[in-house]
Amino acid sequence: MAQFNEMYQGTEVRAPYGRLQDWVAAMPQELRSLKQAEAEALFRRIGITFAVYGEGGDPDRLIPFDMFPRVFAAAEWARLEKGIKQRARALNAFLVDVYGRGEIIRAGRIPGRLVYQNEAYEKAVVGFVPPKGVYSHIVGIDIVRTGPDQFYVLEDNCRTPSGVSYMLESREIMMRMFPVLFRENRIEPVDGYSEKLRRTLASVAPKKCKGEPTVVILTPGHFNSAYYEHSLLADLMGVELVEGQDLFVDGEYCYMRTTEGPRRVDVIYRRIDDAYLDPLCFRPDSMLGIPGLMDVYRSGGVTICSAPGAGVADDKAIYTYVPDMVRFYLGEEPILQNVPTWQCGKTEDLAYVLEKLPELVVKEVHGSGGYGMLVGPKSSREEVERFRAKIVEDPGNYIAQPTLALSTVPTFVEEGVAPRHVDLRPYCLVGDRIELVPGGLTRVALKEGSLVVNSSQGGGVKDTWVLAE
Amino acid sequence: MRLTVDHMTRYLYDRPVRSVVQSHRLTPSAFAGQKVVDWEVTVSGGLRGATHRDGAGDQVQGWTIAGPVTSVEVRVRGTVETTDLAGVLRGHRETVAPEVYLRDTTPTRADVALETLARSVEAPDVLALAHALSAAVSDAIAYRPGVTHAHTTAAEALALAEGVCQDHAHALIAVARVRNIPARYVSGYLFADADGNAHEAAHAWAELFVPTLGWVGFDPANRSCPDERYIRLGSGFDAQDAAPIRGIARGGAKEEMDVTVAVLAAQQ
């Protein structure tokens with residue numbers, strides 16, 4: 001399978017990587033090892049040792065950092081940015097619609113079953129339009145590349161996509177270790193992210209909020225694998241990091257306990273799942289949430305980001321329909337393409353999938369993190385047959401996609417520099433406007449030939465550069 | 001029929017709790033079958049919180065009670081003018097798509113026995129099927145208080161062949177969903193007349209969605225459809241989701257609950 005190398009076209013170096021050729025050529029092995037050790041020490045010192053959300057695994061494991069940056073030219077990014085923002089708008093329009101009149105279902109464009117019987121569809125918020133009509137305030141869209149102009153969306157993350165701290169820290173560490181690179185290349189900064197995030201959250205404060213909104217980040221606690229990220233974002237935004245027990249409902253509002261007494265909270269950027277938000281509305285055994293929060297939310301006393309129920313838009317079965325959402329709500333053609341997807345729950349799709357199984361990637365509809373998936377071409381006959389039995393048993397639980405020839409970026413490996421497969425997760429912010437910092441999280445499959453970039457499966461991260469015009 | 005309700009729920013804690021938060025579905029539904037004459041909910045030491053009408057049409061009211069307290073009294077008093085609509089929930093404003101109620105929950109999940117029960121009846125249309133399913137549940141589960149508890153599932157109640165209105169409602173919801181009929185749990189009150197049958201004044205039944213009529217109530221515990229003796233409060237996937245009072249106390253004390261309900265026909 002021909003693989004697109006983002007730096008080399010044969011022996012030619014593609015323009016955005018022009019200056020990196022000399023940089024890597026001028027770096028002797030000893031210096032490289034030294035720098036790599038320095039990078040690891042820096043990551044350890046700041047304590048950034050979490051797994052990307054939903055990936056499980058040892059939360060204290062260090063995700064490998066690769067110093068070779070991934071680079072986008074200004075024009076490449078401009079197109080990506082348009083596509084990402086378009087998708088984020090469509091996903092939010094979909095959420096407002098399915099909790100409202102459900103026009104897209106009435107129009108027969110998406111089967112009602114996939115939406116209304118979806119576990120992530122929250123009956124408790126039907127009929128409620130959150131401030132500014134935004135359900136998903138931080139949309140993480142996982143994108144892969146297969147050619148100079150070929151980008152595909154792998155999945156959307158509309159709940160609480162994590163990993164943005166890696167984008168910020170990777171940049172910080174690269175600037176500290178290789179200041180010359182940042183003088184030689186005109187690289188768009190990403191450090192505006194936290195201010196943009198704060199502004200986005202403040203922009204969706206409820207109507208009842210007068211004056212400057214009080215924003216907090218709600219974390220499940222320090223045992224959570226992304227706790228570092230929660231505390232970093234709170235620090236950078238200058239807002240409080242709270243746990244459920246720090247907040248309480250009194251009358252029509254939600255308050256935070258502080259040393260100076262209770263302080264009203266207007267916007268909660270929650271990093272806990274819907275099910276745990278409020279034991280009076282969702283799971284009654286939840287110790288992480290705030291009793292009565294949903295009644296306050298529904299009556300406009302506080303904003304919850306992402307809005308409860310946002311998860312119905314990023315389900316893998318709904319994913320197939322996102323291009324239709326773009327056409328239906330925005331009247332535009334989708335700029336970013338979906339990976340062609342077969343729904344094993346459909347009889348004709350299932351027949352095709354079972355026939356072509358050794359060539360396909362098969363995923364669980366509700367799964368994440370690279371677990372419970374089959375990469376046909378990389379699997380033994382036995383593994384394929386075992387997976388076939390699972391699909392036949394419960395076809396509706398699986399989707400299949402062709403094995404994409406993911407692009408590669410040069411990566412430091414044992415033997416020197418070698419191409420490794422990458423993906424990209426940009427973080428699109430949606431409030432009273434839509435913003436995207438130029439960059440994102442590039443994950444790299446460090447194993448030779450591997451297409452699985454998840455950190456739980458041997459993936460690492462890279463700094464992602466967008467060059468200024 | 002003019003019904004008066006006096007419903008008192010008393011929560012007792014074995015030591016003072018710091019605070020109590022509650023979410024109520026204690027307001028009679030607004031539909032053609034009932035008209036509120038007067039209605040009042042009071043909570044001892046309570047601060048009235050936010051209120052909203054949810055997508056299912058229920059009035060939801062939050063309350064907070066600042067501690068330390070060792071008891072909380074929730075008292076509901078009011079009068080409702082009811083009309084017999086043969087169970088049809090006419091004129092009820094709601095926006096949740098009926099299909100949402102095809103999803104099962106732990107207490108309403110069908111096991112093999114519930115599936116078998118669901119498929120044991122045949123009927124020419126959805127309404128007739130709904131009646132047949134309700135009758136099948138009445139036959140399969142005898143009314144008997146004390147054998148089941150708050151967390152008994154429909155499958156367990158069917159295995160016991162005994163239960164109370166909550167179990168009947170869960171079982172009917174389970175079998176209806178097996179037959180692809182959206183179904184939900186309804187909580188409310190029932191006027192206990194003097195006919196000698198067993199009644200529960202704080203009552204529960206099920207509603208099934210019939211395309212030609214909309215939501216229709218069925219009360220397998222009493223082998224009937226809700227009529228002018230019923231007052232409807234709210235709905236949900238199951239008993240917990242439709243509970244008239246959901247609450248939680250901070251402070252880790254042991255809680256005891258004492259409920260008295262009187263539903264009477266008002267003197268003309």
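**A loop residue of chain B and its surroundings in the model**

Reply: In chain B, the loop that runs between strand S9 (214-218) and strand S10 (230-236) holds B:Arg223. The model is a predicted one. The phi angle of B:Arg223 is near 50 degrees, which is positive although the residue is something other than glycine. B:Arg223 has a relative accessible area of 55%, and because the cut-off for exposed is over 50%, B:Arg223 counts as exposed.

B:Asn180 is not a glycine either, and its phi is positive, at about 65 degrees. Its place is also a loop of chain B, the one between helix H4 (165-178) and strand S7 (183-190). With a relative accessible area of 56%, B:Asn180 is exposed.

In chain B, the bond leading from B:Gly67 to B:Pro68 is cis, with omega near 0 degrees, and B:Pro68 belongs to strand S4 (residues 59-82). In chain A, the bond from A:Cys305 to A:Ser306 is cis, its omega being near -10 degrees. A:Ser306 sits in the loop that connects strand S12 (303-305) with helix H11 (316-319).

A polar atom of its side chain lies 3.1 Å from the backbone oxygen of A:Asp423. The side chain of A:Arg70 also makes a polar contact of 3.2 Å with the side chain of A:Thr442. Leaving aside residues up to four places away in sequence, A:Arg70 touches several others, among them A:Glu6, A:Tyr17, A:Lys462, A:Asp463 and A:Trp465.

Helix packing in chain A comes next. Helix H3 (residues 74-98) and helix H12 (residues 322-330) have axes that come within 9 Å and cross at roughly 80 degrees. H3(A) and H12(A) are therefore roughly perpendicular. Residues making this contact include A:Leu91 and A:Phe94 of H3(A), together with A:Met325 and A:Tyr329 of H12(A). By type, the residues of the contact comprise ten nonpolar, one polar and three charged.

In chain A, helix H8 (residues 193-203) also packs with helix H9 (residues 227-237), at an angle of about 85 degrees and with the axes 9 Å apart. This angle makes H8(A) roughly perpendicular to H9(A). On the H8(A) side the residues are A:Tyr193, A:Ser194, A:Leu197, A:Arg198 and A:Leu201, and they meet A:Leu233, A:Leu236 and A:Met237 of H9(A). Six residues of this contact are nonpolar, one is polar and one is charged.

Finally, there is the interface of the two chains. The size of an interface is often expressed as the accessible area lost when the parts come together. For chain A and chain B, the area buried between them is about 2400 Å², with 55% of it on carbon and sulfur atoms. In chain A, the residues that lose the most area to chain B are A:Lys123, A:Leu280 and A:Asp295, which together account for 31% of what that side buries. The contact brings 29 residues of chain A against 32 residues of chain B.

Notes: Residues numbered from 1 in each chain as written. Chains lettered and ligands numbered in written order. Predicted model: local features only at pLDDT ≥ 70, side-chain atom pairs only at ≥ 80, totals over all residues. Heavy atoms only, no water. Helix = DSSP H or I, 4+ residues; strand = E, 2+ residues; numbered from the N terminus. Buried < 20%, exposed > 50% of the residue type's maximum accessible area, 1.4 Å probe, protein only. Axes fitted to C-alpha atoms, helices over the stretch in contact; angles between N-to-C directions. Parallel < 35°, antiparallel > 145°, perpendicular 65-115°, else oblique. Contact = heavy atoms within 4.5 Å. Nonpolar A, V, L, I, M, F, W, Y, C, P; charged D, E, K, R; others polar. Polar contact = N/O pair within 3.5 Å; in protein donor to acceptor, adjacent residues only side chain to side chain. Buried area = accessible area lost by both parts, 1.4 Å probe.
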